[in-house]
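Student: I would like to go through some side-chain contacts with you. Please put the sequence and structure up.

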Amino acid sequence: MSLATLITLTVGAAACGGGNDEGNQAATTSPTAPTDPAMQPNILPTSDETVIEVSVAGGQVTPSPDRRVEVARGVNVRIVITSDHADEVHVHGYDLEESVAAGRPTTIEFVADQPGSFEVEMHEIDPGLLFTLLVT
């Protein structure tokens, strides 16, 4: 017997005192809801993450700067940029900026909690667009 089934049976048995079916249904609608505050829905598990890797060498962005990366709202986003020259990366709409050191990966992490289309760009290369983030 699974833990969820055992919890359902236990909650159902505890709610069965009055014989009122409506009361029993209300008491058992979410028997597996987490009671630990760390497990509440507003805390994202680490598996809900999108990693986006971008490299810049000789002024060329790889993969293509025309790329659109779609993520679901509420997902953790980790952008990893490696460049052959020092620069600064900016995530528009989220107002995140981070310095990029030449030859060393730079990481920007955030929760994609705003729906829309957001350009991610570097300031010194031309064109500076790395990709467009679509949050749905």
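Student: Over the ring of which residue does the charged end of arginine 67 sit?

Tutor: This is a predicted model. A charge counts as over a ring if CZ of Arg is within 6 Å of the ring centre and within 35 degrees of the ring normal. The charged end of arginine 67 lies 5.4 Å from the centre of the ring it sits over, and that ring belongs to phenylalanine 131.

Student: Is threonine 132 buried or exposed?

Tutor: Threonine 132 is part of strand E9, residues 129-135. Leaving out residues up to four places away in sequence, it touches Arg67, Arg68, Val69, Ser117, Phe118 and Glu119. The cut-off for buried is under 20% relative accessible area. Threonine 132 has 7% relative accessibility, so it counts as buried.

Student: How many aromatic pairs does the structure hold, and what is the angle between the planes of tyrosine 94 and phenylalanine 110?

Tutor: There are two aromatic pairs in the structure. Tyrosine 94 and phenylalanine 110 form a tilted one, with 4.8 Å centre to centre and an angle between the planes of 45°.

Student: How many residues apart in sequence are the parts that this pair ties together?

Tutor: Tyrosine 94 is in the loop between strand E5 (87-91) and strand E6 (96-100), whereas phenylalanine 110 is in strand E7 (residues 106-111). Tyrosine 94 is buried at 11% relative accessibility, and phenylalanine 110 is buried with a relative accessible area of 10%. The pair therefore ties together parts whose separation in sequence is 16 residues.

Student: Which residue forms one aromatic cluster with Tyr94 and Phe110?

Tutor: Tyr94 and Phe110 already form an aromatic pair. The cluster they belong to also includes Phe118.

Methods:
Residues are numbered from 1 along each chain as its sequence is written. This is a predicted model: local features need pLDDT of at least 70, side-chain atom pairs count only at pLDDT 80 or more; totals for chains, interfaces and linings use all residues. Side-chain values use heavy atoms; hydrogens and water are left out. Helices (H or I, at least four residues) and strands (E, at least two) are DSSP runs, numbered from the N terminus. Buried means under 20% relative accessible area, exposed over 50%, partly exposed in between (1.4 Å probe, protein chains only). Contact means heavy atoms within 4.5 Å. Rings of Phe, Tyr and Trp (its six-membered ring) pair if their centres lie within 6.5 Å; planes under 30 degrees apart count as stacked, over 60 as edge-to-face and the rest as tilted.
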